[in-house]
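Let's take a friendly walk through a structure. Have a look at the sequence and the 3D view before reading on.

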Amino acid sequence: MKTPFEILNIAVDSDDDAIRKAYLGMVRQFPPERFPEEFQRVRTAYESIKTARDRLRYELFDYSMPDMHELAADIKAKAKPGRPTEKQLRQLLDQAVNAEITALVVNNG
Amino acid sequence: MAKKRKKKARSRKGRKHVPASQLPALGEKQLREGKFSEAVKTFRQLTEANDDKRWRSFHRQAYQGRIGQLLAKGMAKEALAIYRNMVDYCQTENPSLYFSLLLKGGYAEKAVALFVDLEESLAKTAGQMVAELFAAYLLSGHEQVLRFLPDGHLLKSQFPSADMALQAYCDGNNGNVEDHLRKITFRSPYRNFRLALKGMLAFEEDRTAAEDCFAKIPATSIFRKMVIPYRSIIDYPPGKSAKLTSREQQVVQSLQGISKSTARFIEGITARQNNAVQLFTFLVGRQKFLSGHKLRDICYRLLIHAENKYVNFVRIFGELDYFQYNRMLALGGEVDGDYWEACQDWQEAFAGIPAGDDPQDNLRKALILRHCVELLEREDGAFDYEQRAEMLEKSLEYDSGDLSCWLKLLDLAAHDGRQRYYKLVNRMLAEFPNNVEVLLRGVMAAVDRGAYKKAGKLADKVLQIDPINSKAKQLLIDAHLEHGRKLARQGKFVLAVKECQAAAQDNNGNYVPGVLEICHGLILVLAGDKDAGLTLHEQGVGMADNLVSGCFQACMEARLLQYSGKLLKPFDRRLKDACKGKPEVRGLLDFAALLQRYGAKEKQAVQNLRPIVTSWLASGLKLDLDKGAYLQLCAILQQQNYFELLTKYGKKADKLWPDSPLFVFYYLCGKSRAGSKKISNRELDRLEDMLELAELQHDRKSVMLIEELLKKLLFSGKISPNGAMGNALSGFLEMFENNETMRDEMLQIMESEDFLDADFDDEKW
C-alpha cells in the first residue's frame with residue numbers, strides 16, 4: 001500500500017503549503033466527478049497528513065507493513081538502465097523461432 | 001540376445017487374428033480411442049486388400065494422428081519418418097507439414113531448399129510468415145543456412161544490414177543502427193525487425209514513441225516476441241512484472257540495469273510481502289542491498305508484526321531506546337487487537353519522551369494521550385469517562401489547538417455534571433473565539449443555564465460568520481423563547497412579549513410549528529389580554545403537526561409559564577379529548593420528537609402528562625411501523641422514563657426483530673424500570689445472551705446500554721443471588737479487572753451477607 005506522501009507524490013518532510021499545493025494539483029488531475037475513486041484516495045491521503053499534527057500522528061501510529069513493492073520500485077529507479085547483450089537478443093530470437101516452429105507443426109499436424 | 005527373444009515373443013503374443021469383416025469397425029474404434037499406431041496397421045491391411053478411397057482417407061488420418069503424438073513427445077525425426085511412410089502408402093503430400101517437420105527435426109538446410117522451391121506456390125501471407133521465420137532463424141545465429149539461399153534472395157541480401165544493426169544496437173552505436181536499418185526495404189522479410197529495433201532505440205528516450213513502434217508490428221510477426229521484455233516494462237507499473245521466460249527476464253534485468261542478484265533480492269522481498277517473520281529473516285540475510293539506515297527502519301517496522309525477532313534486531317542494530325521499544329510493543333498490541341495492553345505500552349512510551357518545552361515532544365505526548373483514549377474506547381466501551389476525560393485534559397496542556405479533542409472532552413463532560421461542562425465551553429470559547437462549532441456549543445450551554453443574553457450574542461456572532469446557519473437561527477429562537485418564558489414567570493410580561501416577537505422575527509419557518517404562537521398567546525393571557533392570547537394560542541395549535549401535538553405543546557407551554565392548576569385544567573382536558581383519536585405514523589413520530597424536546601427542558605412536566613397521552617401512544621402499536629421508527633420511539637420513551645410504553649414497544653419490536661439486542665434491552669429496561677425492579681432469571685439470561693450477540697455484532701451502543709442495565713440491576717440488588725448473578729458478577733469482575741474503583745465496589749457486594757448466603761457451586765466460588 002502506498003503512503004499518503006507517495007500518493008501525493010511529495011517528500012516526507014514537506015510542509016503544509018507544499019502538501020496543499022500537491023493536493024490541489026492532484027485534484028485538478030483527478031476531479032471527483034470523473035475519477036471518484038482516485039479522488040477519494042487523494043483526499044484521504046491529504047486528510048491524513050495535511051497538518052504537522054496529522055503528520056506526526058501518522059508517523060507515530062502507522063503500523064502498516066513496509067511496502068516491498070515500493071521498495072522494489074525504488075531500487076529499480078536507482079539502477080542504471082542498459083541494453084541487453086547481443087547474445088541475449090539472439091537467444092531471445094532463437095526462443096521465438098522455436099516457439100513459432102512448434103506452433104506451425106502442431107497446426108499442420 | 002535374451003532381451004531380443006523376449007521382445008519378439010511378447011510381440012507375437014500381442015498379435016491377434018482378426019477376421020477381415022471386423023477390421024473396419026476395429027480401425028474406426030482405434031482411431032476414436034487415439035490408438036493411431038494400431039489404426040495405421042489396421043487400415044494398411046484394409047487398403048492392401050481393397051484400395052477403397054474411404055480406407056485411404058482413414059489411413060491418412062491415422063498417420064497424421066501418429067505424427068501429432070510423436071511431436072508431442074518431442075520425437076520430430078520419428079515423426080518425419082512416419083510422414084514419409086504416409087506419402088508412400090497414401091500417395092498424399094502436405095508440403096506445409098513437411099516443411100514444419102524438417103525445421104522441427106533440425107533439417108533447416110532442407111527446409112530452406114524446400115521453401116525456395118515452394119515460395120512462389122505458397123499463399124502471400126503464409127509466404128511472408130515463413131520468410132520472416134527464416135529471417136529470425138538467421139538472426140538468431142544460424143547464418144550458415146545462408147549458403148542454401150540463392151544469390152539475390154531478399155533473405156540473403158538484406159541479412160547483413162539487419163545483423164549489423166543488431167550488433168550496433170547492442171554496442172550502443174545508435175548512428176550505425178539507423179544507417180543499417182535504412183537499408184532494409186519495405187518488402188524485406190526483416191521489415192518488422194526494423195520496426196522492433198526502432199522501438200528498442202526509442203525506448204530509452206520516449207516510451208510512447210517506442211510503444212507506437214511496437215504496436216505497428218503485426219500480432220502474427222515473430223519479431224513481436226523479441227520486444228516482449230520492453231513491452232513488459234512499459235505496460236507494468238514499477239514493482240509489478242509480467243510472466244516472462246527466464247531469457248526474457250534476463251533482457252528485462254539488462255534494460256533496468258539490475259544485476260541477477262539484485263533481481264533475486266527484489267523477487268524475494270516482493271514474494272514475502274505478507275509474512276513479516278520471513279521478510280525480516282530474508283532482509284537481514286541480505287544486508288548489502290539496502291543502506292544501514294533504511295534496513296534498520298524497515299526491520300523496526302517489521303518488529304511490530306514479528307516481535308519474536310527482537311533479539312535478532314538487537315544483535316544487528318543494537319538496543320532500541322525506551323520510547324521506540326514501547327512504541328513497538330504498543331503497535332504490536334494494536335495489531336493483535338489487545339487495546340488495553342497497547343494503551344499501557346503507549347503510556348510507557350509517553351514516559352520515554354524527554355520532559356521539557358520542545359514543541360515536537362509536547363505534540364507527541366498530546367497525540368499519545370489522545371490515542372490512548374481512542375484505544376480505551378475500543379476496549380471498554382462507554383466506561384471510564386473520568387479516566388478518558390483526564391487524559392484528554394492532560395493532552396490539551398501539551399497541545400491546546402486541537403478542536404476535535406476539545407469537542408470530545410466536552411462530550412465526556414456532558415456525562416459529568418453541568419458546571420464542568422459550562423467551564424469547558426468557556427475555555428473553548430476563549431481558545432476558538434471565531435469557530436462556528438464552538439460558538440454553537442456556547443449558545444447551547446448559555447441557553448441551558450439561562451444566560452439568554454449571552455446566548456443571543458453568541459448566536460448573532462455565528463450568523464455574522466455564517467449568515468445562513470440554520471442551527472444558529474434555531475438556537476437564537478430558543479434563546480428568545482426561553483428568555484420570554486423566564487420574564488413571564490417573573491411577571492415582566494411586556495419584555496416577555498418582546499422576546500416572543502423577536503423569536504417570531506428570526507423564524508424563517510423552520511422552527512417547531514405552532515410553538516411560538518402558543519407561547520406568545522399564553523403570555524398574553526397571563527398579561528391580561530385573554531381574547532388576543534387565546535386567539536393566538538388557537539392559531540398555534542392549528543399550526544402544529546397534528547391536534548395531539550398542538551394540545552401537548554399548549555399543556556407544556558402552560559406548565560413552563562407556571563400556570564396554576566386551575567388554569568391548566570382546560571388545556572389538559574383538550575389534550576385528553578384529542579388523544580381519543582388514533583395516531584398516524586407521521587403524527588406519532590412528530591409527537592415523539594416533541595416529547596424529546598420538552599423532556600430535555602421539563603422532564604417532570606412531561607412525566608405528569610404521561611397518563612393523558614399513554615393510551616394514544618399505545619394505540620400506535622397497531623400501526624405498521626418500520627424498524628427505524630421503533631428504534632426512535634423506544635429511545636425517546638426510555639429517555640422520558642415512559643417505562644410502561646417502553647415495555648410494550650420493546651416487546652413488540654423484539655417479536656418482529658428477535659435478533660436485535662437493542663429491542664431486548666428496551667423491553668427489559670422498561671420492564672425493570674431501568675433496573676429498579678426485579679426481572680426473572682430467564683430474562684436475565686436472555687439479556688446476557690444479547691450482550692454476547694451485540695459484542696459479536698460489534699454493536700457498541702447495545703453493548704454499552706445492556707452493560708449499564710446489568711450494572712444497575714446488580715447494584716440495586718435486583719438480580720437474585722443465584723447462578724445468573726454469579727455469572728453476572730464474574731463477568732463484571734473480568735470487565736473491571738483494570739478498574740480499581742469498580743472492582744472495589746464489586747468486592748463490597750460480594751462480601752455482603754446476601755451474597756454470602758447465596759447458593760453457588762464450587763466452580764463459581
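For the complex, the predictor reports an ipTM of 0.75 and a pTM of 0.58.

In chain B the average pLDDT is 85, and 90% of the residues score at least 70. Where pLDDT is low, the predicted coordinates should not be read in detail.

Chain A has 109 residues, of which 28% count as buried. If you take the contacts in chain A between residues at least 6 apart in sequence, 48% of them join residues at least 24 apart.

## Where the chains meet

Now look at the place where the two chains touch: 43 residues of chain A are in contact with 57 residues of chain B. On the chain A side, the elements that give two or more residues are α4 (52-61), α5 (68-78) and α6 (86-108).

Which element of chain A gives the most to this side? It is α6(A), with 18 residues. By residue type, the side of chain A that touches chain B divides into 25 nonpolar, eight polar and 10 charged residues.

Next, find helix α12 of chain B, residues 191-203. Its 13 residues, at 1.5 Å a residue, should span 18 Å, and this agrees with the model because the end C-alpha atoms are 18 Å apart.

Is α12(B) mostly covered or mostly open? It is mostly covered, with 12 of its 13 residues buried. Among them are B:Phe193, B:Leu197 and B:Met200. The elements that cover these buried residues include α8 (124-139), α10 (159-171) and α13 (207-216) of chain B.

## A glutamate to find

Finally, locate B:Glu28 in helix α2 (residues 23-32) of chain B. B:Glu28 has 14 other C-beta atoms within 10 Å, so it counts as partly exposed. In sequence, B:Glu28 and B:Phe58 are 30 residues apart, while in space they are 8.0 Å apart, C-alpha to C-alpha.

Technical notes: Residues numbered from 1 in each chain as written. Chains lettered and ligands numbered in written order. Predicted model: local features only at pLDDT ≥ 70, side-chain atom pairs only at ≥ 80, totals over all residues. Buried ≥ 20, exposed ≤ 12 C-beta atoms within 10 Å, placed from the backbone. Contact = placed C-beta atoms within 7 Å. Helix = DSSP H or I, 4+ residues; strand = E, 2+ residues; numbered from the N terminus. Expected span 1.5 Å × (residues − 1). pLDDT = per-residue confidence, 0-100. Nonpolar A, V, L, I, M, F, W, Y, C, P; charged D, E, K, R; others polar.
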